[in-house]
Amino acid sequence: MTILIKNGTIVTAQGSSQADVLVDGETIAAILAPGERTLGVDLAASVDRVIDATGKYVVPGGIDGHTHMEMPFGGTVASDSFETGTRAAAWGGTTTIIDFAVQKQGERVQDCLAEWHRKADGNCAIDYGFHQVVGGVDADSLKAMDELVDEGVTTFKLFMAYPGVFLSSDGQILQAMQQASGNGAMIMMHAENGSAIDVLVAQALAEGKTDPKYHSLTRPWETEAEATNRAIMLARMTGAPLYIVHMSAKQAVNVLQAHKDEGWNVFGETCPQYLYLSLEDQLSQPGFEGAKWVCSTPLRSKAEEHQEELWRYLRTNDLSVISTDHCPFCFKEQKEMGVGDFSKIPNGIGSVEHRMDLIYQGVVDGRISLQRWVELCSTTPARMFGLYGRKGDIRPGFDADIVIYDPAGRTEIGYHKTHHMNMDHSAWEGVVIDGHVDTVLSRGKVVIDDNEYHGAKGDGVFLKRGLSQYLI
Ligand code: DUC
Ligand code: ZN
Ligand code: ZN
């Protein structure tokens with residue numbers, strides 16, 4: 001199948017240009033600037049399909065580097081399967097996800113990864129890779145890290161939170177970082193001081209503070225900033241690069257910035273929920289409504305003014321990636337597990353479908369440039385997670401993962417509107433975006449067009465990833 005995308009504005013992290021894109025099979029064959037549009041033949045007449053992108057942006061497909069499909073967590077299982085979650089991602093212009101395979105203490109890392117392959121294989125609408133959570137750092141799991149790097153799983157997530165479930169001690173973290181510095185992998189860190197949080201949670205519950213908002217009030221910004229600093233100090237001892245996931249506190253990013261400025265190889269990710277949602281407006285809604293927005297790190301207080309600072313850190317590249325931490329739970333029976341006890345609410349928000357739109361709104365609002373939108377949502381994740389060369393850009397030879405985005409369009413987010421995730425509510429209900437994902441190509445196949453899904457489960461394949469380009 002050959003496709004010519006005509007008359008659009010190609011937007012990449014490097015810049016914007018008026019040019020056509022020729023897709024041949026699964027990859028981009030050529031970028032044709034005005035003047036070379038014909039290549040000596042009437043291309044429009046000789047290709048299988050012409051897509052007119054007049055007035056629209058032609059951008060690399062989104063890469064969401066942080067999702068949790070069908071993950072067992074908090075006594076239940078994240079409600080999107082690989083099938084439903086990746087299809088929803090495609091609807092929103094995301095053409096690659098990197099999901100977290102999870103290992104807990106006592107389990108073999110290789111078995112856990114095999115289980116994630118089993119869940120995803122043949123079910124995905126778009127391409128996917130895996131990070132590996134190592135919840136039980138020991139001699140076997142350290143050795144397994146080397147094996148996984150050879151299999152294209154080149155990033156490992158550790159937790160400083162969730163004692164008794166995922167938490168690694170400082171010694172275990174140090175050992176995993178040493179291993180990573182030896183095999184070229186990158187450590188991703190959930191940086192919150194879990195032991196301190198557990199004390200604050202127990203005290204709040206003992207005082208009868210059971211509403212969802214106490215989830216945030218028992219995870220103050222200090223718990224994030226302290227853990228961020230500790231994680232970076234441990235990484236500095238080993239020389240391993242470090243990527244801090246889901247950063248929400250401006251003070252934590254300030255810590256990261258200070259180490260970055262000293263030349264250390266440390267990176268930060270944030271998520272749409274921390275840029276738009278808050279303790280006051282969402283988590284504190286009456287009754288049990290706030291449970292929809294219980295996630296960790298938590299939504300923070302507007303009064304503390306984190307959001308503007310996070311946008312600023314996105315501009316200065318102290319935060320370099322936007323992922324979703326897509327971890328969907330239904331309100332009925334899942335979030336409701338925490339009625340009367342906020343600590344039993346499964347942690348997570350579902351956004352995999354809306355990230356490209358939500359961050360495009362940052363362009364409309366004058367917070368980031370068009371190029372930065374592409375860089376944060378596609379190009380840097382590709383470079384960070386060893387996919388560049390294939391994903392994250394519009395260049396000849398790259399996979400034809402392409403989004404045609406209409407800046408004159410409109411997207412109304414809502415459970416009965418643009419929502420395709422397997423959730424009975426939307427954390428983004430009523431949000432309106434001044435733009436629209438019109439057409440999505442995933443490895444050369446048109447999967448979204450004319451407000452219809454044209455893909456099939458199994459279109460997406462496993463991506464064996466290389467090492468991060470940010471390693472030195
Ligand atoms: N945070 C969440 O909100 N959900 C899944 C795991 C995590 O760290
Ligand atoms: Zn986490
Ligand atoms: Zn996560």
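Mentor: A residue is called buried when its relative accessible area is under 20%, exposed when it is over 50%, and partly exposed in between, using a 1.4 Å probe and protein chains only. At 2% relative accessibility, Phe166 therefore counts as buried, and Tyr162, with a relative accessible area of 17%, is buried too. Before we go on, note that this is a predicted model, in which local features need pLDDT of at least 70 and side-chain atom pairs count only at pLDDT 80 or more, while totals for chains, interfaces and linings use all residues. Residues are numbered from 1 along each chain as its sequence is written, chains are lettered from A and ligands numbered from 1 in the order in which they are written, and side-chain values use heavy atoms, with hydrogens and water left out.

Trainee: How are the rings of Tyr162 and Phe166 placed, stacked or edge-to-face?

Mentor: A pair of aromatic rings is described by the distance of the centres and the angle of the planes. Rings of Phe, Tyr and Trp (its six-membered ring) pair if their centres lie within 6.5 Å, and planes under 30 degrees apart count as stacked, over 60 as edge-to-face and the rest as tilted. By this rule the count comes to 21 aromatic pairs. The centres of Tyr162 and Phe166 are 6.3 Å apart and their planes stand at 80°, so this pair is edge-to-face. Elsewhere, ring pairs join Tyr57, Tyr360, Trp373 and Tyr405 into a cluster.

Trainee: Which residues coordinate the zinc ion (ligand 3)?

Mentor: Donors are N, O and S atoms within 2.8 Å of the metal (3.2 Å for Na, K and Ca), and sites may look incomplete because water is not among the atoms. For the zinc ion (ligand 3), the coordinating residues are His66 (NE2), His68 (NE2) and Asp325 (OD), at 2.0 to 2.2 Å. Both His66 and Asp325 are buried.

Trainee: Which residues coordinate the zinc ion (ligand 2), and how far is this ion from the zinc ion (ligand 3)?

Mentor: Lys157 (NZ), His190 (ND1) and His246 (NE2) coordinate the zinc ion (ligand 2), at 2.1 to 2.4 Å, and the two zinc ions are 3.8 Å apart. Along the chain, the donors of the zinc ion (ligand 2) follow the spacing K-x32-H-x55-H. His190 and His246 are each buried, the former with a relative accessible area of 1% and the latter at 1% relative accessibility.

Trainee: Over which ring does Lys157 lie?

Mentor: A charge sits over a ring if NZ of Lys or CZ of Arg is within 6 Å of the ring centre and within 35 degrees of the ring normal. Lys157 lies over the face of Phe100, at 5.1 Å from the ring centre.
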